[in-house]
Amino acid sequence: MFFVSCYYDNEEALYPVLNNLCDTTNVTYSGTIFPILNNSCLGCHSVPATGGSILLSTYAEVVGSAPRITGSIKQLPGFFAMPKNGGKLKSCSITQWDIWVRNGMQNN
Amino acid sequence: MRRLSLTFLLALITLGIFAQDDLMNIVNQSTPNEINYTTATFKSTRVMNGHSIERMQTGQLDVRISHRFETLNSGGYNFFGLDISYIHLGLEYGITNWLMIGVGRTEIDKTFDGFAKFSILRQSTGAKEMPVSVSAVTSVALKTLKFPDQNPTNYFTSRLAYVAQILVARKISEGFSVQLTPSYVHRNLVATELDPNDIFALGAGARLKLSKRVSLNGEYYYIANPKTYLSQQVYNPLSVGFDIETGGHVFQLFFTNSRGAIEKQFIGETTGSWKKGDIHFGFNISRVFTLKKHLKSSNY
C-alpha cells in the first residue's frame, strides 16, 4: 500500500505562501506566541508530560523560561535544541518570538 | 504381574538402545554431506543502530527497547545528556526461517516504522560452500507529528519515508565478523530544494568477540550525498560500543553521534558531530520470547 506513493516534494515548493508571509507587526501573546507554543512545545511541556521539568502552558511559565526558550528555539550552543521532535521552528516563528520578547513580553 | 512389567521394561530399554545406535549411524553417515550454516555472525538483529544479518528464528518474538540520550557535551547540569532521552520501542517476529518482520515507534517526529528482512544467501561450509550471508531489508517510516499549520497541501504521503538495504556479512573467524550495507533512503518531503529526497549510503559494521558474553562492535555509514548546503548540516553516523549477553537478554551499550534509532533517521538526519562532542550515549535491550516451537533446529 505504501510503496505506490513516491514523491519528490520540498517544503519551499509545497508551502510557498507560508514562507513569504510573516506578520511582524501584530505580535501578541494570545494571537501569535501561544499558537506557536501550542503547536510545537506543549505536546511535551505541559501537564502531565512536563518534559525536562519545564512547563509552558501559562503566561507566567513562558515568561519565567523565556531566556531558555530563546536559546533552545534558536538552537544556540549550550542549550537543548528544540523542538527535539525534529527540525527547527520556522524562521518566521523565531522572528515573532524575538519581537514579543523585545516588546516586553506583554500578556496581550 | 511384576515379572511381566519388568520384561516389558527391559524390552523397551533394549529397543531404545538399538534405536540410539541407528540414529548415531545415520548421523555419522550424513556428516560429510551436510551443509554447515554459519551461526551467530552478530549477537543481535542490530549491529548498533542499523540492521545486522541476524534474524529472529521462526516463531520467536523480539521485544526491543532502545534509548538514545542527549549529547555528552550538554554539560554536567544536564547530567551529560542523560536528563533527556529519545525512545524507540520495537516488536519483531520471525515468520519463517528466511523472513522476519517488525514494527516500532520512535519518539522523534512521533514516527511509526515497519520493516521486513529477507534472507537471500547464507554463509556455509561443507556440502555447500558460501563465503558470505546476504539479506535484504525494506522499511517504511510514518511521521505522525502534527503539521505546523492547517494547509491544503498537507499530504499524507509527505509523512512517509522508505529505506532499502542489502546486507552482506561474513564471519571471518570465530570471534570476528564484518558486514557491508549499501543503503537507499527516500523521503517524500524534505525541508528545502537543496535537501536531497534520495540518499545513498554505504554502511560498514564489525563485531569483535572479547569473551563468551561480551563483544566490541563498531558501525559507520558513509553518506554519498553532499552533507553541507542543506537546511541542516548532517554527518556520517558512527557508533562504537559493546554487546553484552546475559541470560535471555542482549544489552547493546554504545556511543553514537545519531539520536535516531531507525534507518531513515540515523542515515538522513544525523546532525551531531563526533569532533564537536555531539556524542550520545545509547542502549538497546533485546529480549526474545519463543511463541512457537520450531520443528527444525537447522535454521539459525
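The legends below describe a predicted model.

View 1. Polar contacts are present, and ten residue pairs of chain B and chain A make them, with both residues at pLDDT 80 or more.

**View 2. The extent of the contact between chain B and chain A.** Chain B contributes 38 residues to the contact, and chain A contributes 22 residues. Together the two chains bury about 2,800 Å², and carbon and sulfur atoms give 56% of this area. On chain B, the trio Ile84(B), Tyr162(B) and Leu189(B) supplies 16% of the area that this chain buries against chain A, more than any other three residues.

**View 3. The side of chain B that touches chain A.** At least two residues of this side come from each of strand E3 (85-96), strand E8 (160-173), strand E9 (176-187) and strand E10 (189-190) of chain B. E9(B) gives the largest share, three residues. By residue class, the side of chain B that touches chain A holds 16 nonpolar, 13 polar and nine charged residues.

**View 4. A strand of chain A paired with a strand of chain B.** Strand E1 (residues 9-10) of chain A is joined to E10(B) by two bridges, and the two strands run parallel. Within this pairing, Leu189(B) in E10(B) has Asp9(A) opposite. Leu189(B) is also one of the three residues named in View 2 for their part in the area that chain B buries against chain A.

Technical notes. Residues are numbered from 1 along each chain as its sequence is written. Chains are lettered from A and ligands numbered from 1 in the order in which they are written. This is a predicted model: local features need pLDDT of at least 70, side-chain atom pairs count only at pLDDT 80 or more; totals for chains, interfaces and linings use all residues. Side-chain values use heavy atoms; hydrogens and water are left out. Contact means heavy atoms within 4.5 Å. Buried area is the accessible area (1.4 Å probe) that two parts lose on being put together, summed over both. A polar contact is a pair of N or O atoms within 3.5 Å; within protein, one must be able to donate a hydrogen and the other to accept it, and residues adjacent in sequence count only if both atoms are side-chain atoms. Helices (H or I, at least four residues) and strands (E, at least two) are DSSP runs, numbered from the N terminus. Ala, Val, Leu, Ile, Met, Phe, Trp, Tyr, Cys and Pro count as nonpolar, Asp, Glu, Lys and Arg as charged, and the others, Gly among them, as polar. Two strands pair if DSSP finds at least two bridges between them.
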